[in-house]
Every structure is written in structure tokens, then in C-alpha cells.
Amino acid sequence: GDRRETSPYELSFQDDIEWRLLCKTTLGEKELTKLKDAIHNNYFFEMFIEDLPMWGYVGDFEDEDAILGEMQGSHTYLFPHLHFKIGTNGQRIVSATVTTERDRRVDITNVHKPTTVQFSYSVEWFEDHTLQWKDRMTRYADSRFLPSSFEIHWLSIINSFVLVLLLTAFLTIILMRVLKNDFSRYMELDDETLEEEESGWKLIHGDVFRFPEFPVLFCASVGTGVQLIVATFFLLGLALTNLISTTRRGSILAGMVVLYCLTCTVGSYVSTRLYLQMNGKAWVRCVLVTAGLFPVPVATVFMWVNTVALVHGSTSALPFSTIFTVAALYSLLACPLTVLGGILAKNYASHDFNAPTRTTKVAREIPTEVPWYRSRFVQMLISGFLPFSAIYIELHYIFASMWGHQIYTLFGILLFAFVLLIIVTSFISVALLYFQLAREDHRWWWSTFINAGMTGLFIYAYSFFYYFHRSGMSGVLQGSFYFGYMAIISFAFFLMLGSAGFHFSLVFVKHIYSRVKCD
């Protein structure tokens, strides 16, 4: 597992140690075999001092063939001595490294021979005035254990920004020209001539604001998406201002859980308000669905992966105290705030949808003959692939941080990438919505939400590629954790981007139908 444990190494502030014995033990065949396998698989350890991570290899091997591996005459060495070098600036620790000394290595090539090993350590303190405490995490961008190319991050973000800029400019120019022509044509036509028109988005003005099927589920999805967006922005803001420790493993996840509970009022308010604007009567049901739409899948996946971890005896299994704390947060904080949001929307929010056109009693027939490139499936592929292409480079570093037990420190770039993702998703959703309305298909509510959320499915598809070709993970335990939690993350992106795309599309639809004269 990766849960932190307190090590037996004792360090005192500004107290140098030239050499100190940690313990002396005799390693048998079983222990030596495990250590030798770990060394040949390049295992390394991770330690923390004041949230500053340090890495070091368990051992090393020499004179091995690159293809055949261990041969006669090759040696495997264990590093029993660690040297800690800790930098301070005033009364604060600003840097920490650990190194191994080759002069004190122990030969464990012959695992059948019991070996007595002395584990020891030394400590060196020094003044590092060049590094301020607030900048102490910057040097990890160039660590050999981490992605060592900060420039690639900027290259990826510039690439994404240029792509988004070109795409949004292209869509804006095309839509403005097309809409301008449409407005001019519709303004010049009288009612009789308009009826003779073969196609056009104005023809469905009496159906475009016909509310969708399953309004409770739709409104709950939109509200939960808005809540997750708000919580994500708060989390990234706290990480940027160092109010959340980004180096303490689990702090980001814990912060997200707390922020999700605190923002439940937002999700419930948005979903209930939209549901009441759709003339819904069962607003309590909408509140209940909103309360469970995201937590229920999370709890289901968690119960499965935690059970697998317990069966395998992994330390990744959460203790009962942590589970009880999360359950108490949801029951005593999230649920009351969710109910509060629904009550506020019921009593204080506007229940008028303000549709610019009246909805007819009988729905207009939707054309069935649609070119393949305008089909729903092709639209879903386009709306998912283009936003995904804007973030896929940065996605690699995020995956390496999440599943490679590495530290991600570039939250400013991550915030920028998240904003770009929302913008490009929204623009593409609006563009595809226009083409859908132009072919007289007025069922745009669910299609817009699903199209915008398709990037979440692309992220999940990318997770399969990363697992089999980049991660080096295998087995039921790792597979359950990886695919289970990636499903939750992808579902969260589906809700967030779907909600963002829907809100932009709703503004677009209201705008274009308010510009033309309709009966």
C-alpha cells in the first residue's frame, strides 16, 4: 500500500549525526529473495520531512546483461545506510534529500546464505538562503523521480490554448455569418412564405422549448454538474494559495470531499429551480435524486474496491474510523445543505422559464432522413474528441501523479486547462446544437447534455490505454482501484461538462429565438 508510517529514524533540528546505528539483523533466504526482486525491479522508497518528499533506491546491481538479465559474475547490492541532507532557511526546513552510500553497500547476490546487515544513517544540516519557504516545492519539477520537463507542460498548455483559440474563432465566425444570414432571411419572409420553406431552425419555434423527458433526472444531473464545477474551482483555488497541502497524500481527496459537502446547497438550488421552471410538481423527489446522483455511485465503487483491498490484506483499505467520518459528513452536513438548497429554490427562486416563444400543444414531426455525418453518433464523437484533444497531454501528467505516486505541483496550469476544457466544450456544444436545430430536431436538451459530457467517456477510454501501456499495473487489486475510481472521475467530468454545455446552449437558444418574430 501507500499509507504513511512513522519511520524509526530520529532527527533533531540542527543536530548533525555522523553515523548512528538503526538496527542489526540477520536476513534469511525469504527476506533476501524479496529484497533482490525489489532491487531488480527498480523499487524505490519514499520518505517525508515536513511534507517534503525524498526518494531513494533500495539497492543496485552490476554486470548484468541488458537482455538476459542476471548472469554469472553479476552482483546485487543492498543499501543499508542512508544519508539525510536537510536545508534550512531561518527556523524553517526548505529542502530535504536522502542519498545512499555505495561504500557501505552489502552484497546479497547469494540469497541462500544468511547475511547480517547493519542498518544505519547520518544527518547533515545546512543553511539554504537561496530557497524561500513558499518556493520549497518548485525544485520537484526537475526531480528524476518526477516528470522532469516543466517546459512540456507549457508547450502542452500553449498548444491547447492555440487549439481552443482557433476553434472558438472558427466556430464564432461561422455561426455569426450563418445566423446573420438566417436572421436576414427570416425577417424578410412573411408567414405564408415561411411555411413554404423546406427547412430551418425557425420552423420549430413552437417545439424548441418543449421540456425534456425524465425532467427529474435531467435537472438533478445539471445541478450536480454545477456543484462539481464550483467545488473543483474552490479546490484548485485552495491548492494555488497553499491553503491545502498538495504534498500530503490524501489531502486533495479529503479537501474535495469536504468541498462537495459544503457546495450541496448550490447543486440542489440549481436543480430544483430548473425543475420548477419546467412546471414540475415533485420538487422533493428532485432534491432526493440530486442528493444521491453522485454519492451513490461513489459509495458503490468504494465498497467494492475496499472489499477487494481487505481480502488482499492491503493497507489501501480505509479504516472504519475514516469511513465513519465520511458517512457522518454526508449525513450531517451534505444532506441538510441539499434540503436547504431545495427549500431556497422553492421559496425564493424565479419559477418563470422566460421562453421567448410559445410551445405548441402537438409536437412537430422530426425528419428521419439524416446524413450520416449529422447523425447523433457522429456528433457525440466530435463533441467528445475535440475537447479531449485540448487536454490529453496534461492528462498524462495528472495520471502519472494519481497512479504513479508522484507529486503534482502545477495547479495553475491545471486550472487553466480546466477553464479551456469548459470553454471549448461549450462552444462545440453550441455549434452542434445549431446544426441539430437546422435539421428541425427539437429534442436538444438531453442531446446537448450528453454531447458535452462525452469528453468524460473519452477520458475513461484513455484510462484503458494508460493502464495497459503506461502504468505497469496488473492484478485484481490494482485493476479494481484503477478502473473503479477512474469510472467515478469520468462520471464527474461527464456531469460537469454536460452541465456547462447545457447552460451555454440554453443561453444560445433563448438568444436566437428572441431575435426573430414568431407567432
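Predicted model: local features only at pLDDT ≥ 70, side-chain atom pairs only at ≥ 80, totals over all residues.
Of the 519 residues in this protein, 46% count as buried. As for secondary structure, the protein has 13 helices and nine strands. Its exposed surface comes to about 27400 Å², and 61% of that is supplied by carbon and sulfur atoms.

Helix α5 covers residues 251–262 and helix α9 covers residues 320–348, and their axes come within 8 Å, crossing at roughly 25°. Because angles under 35 degrees count as roughly parallel, α5 and α9 are roughly parallel to each other. On the α5 side, the residues that meet α9 are V257, V258, C261 and L262. Facing them from α9 are V326, L329, Y330, L333, A334 and L337. Sorted by class, this contact is made of ten nonpolar residues, with no polar and no charged ones.

Next come the cysteines. How many disulfides does the structure hold? The count is zero. For C264, the nearest cysteine sulfur belongs to C261 and sits 5.6 Å away. A disulfide needs the two sulfur atoms within 2.5 Å, so C264 is in no disulfide. C264 is buried, its relative accessible area being 4%. C335 is likewise in no disulfide, and here the nearest cysteine sulfur is that of C264, at 7.5 Å. With a relative accessible area of 27%, C335 is partly exposed. C261, for its part, also turns up in the contact of α5 with α9 described above.

Most residues other than glycine have a negative phi. F214, however, has a phi near 50°, a positive value in a residue that is not glycine. This phenylalanine lies in the loop between α3 (191–195) and α4 (215–240). Is F214 buried or exposed? Its relative accessibility is 57%, and exposed means over 50%, so F214 counts as exposed. N279 also has a positive phi, near 65°, and is again a residue other than glycine. Its place is the loop between α6 (264–277) and α7 (283–293). At 54% relative accessibility, N279 counts as exposed too.

S375 and Q436 are separated by 61 residues in sequence, yet their C-alpha atoms are 9.2 Å apart in space.

Finally, there is T448, which belongs to helix α12 (residues 445–471). Which residues does T448 touch, leaving aside those up to four places away in sequence? The partners are S429, L433, G501, F502 and S505. T448 has a relative accessible area of 2%; buried means under 20%, so this threonine is buried.

Notes:
Residues numbered from 1 in each chain as written. Heavy atoms only, no water. Buried < 20%, exposed > 50% of the residue type's maximum accessible area, 1.4 Å probe, protein only. Axes fitted to C-alpha atoms, helices over the stretch in contact; angles between N-to-C directions. Helix = DSSP H or I, 4+ residues; strand = E, 2+ residues; numbered from the N terminus. Parallel < 35°, antiparallel > 145°, perpendicular 65-115°, else oblique. Contact = heavy atoms within 4.5 Å. Nonpolar A, V, L, I, M, F, W, Y, C, P; charged D, E, K, R; others polar. Areas by Shrake-Rupley, 256 points an atom, 1.4 Å probe, with all protein chains shown as cover.
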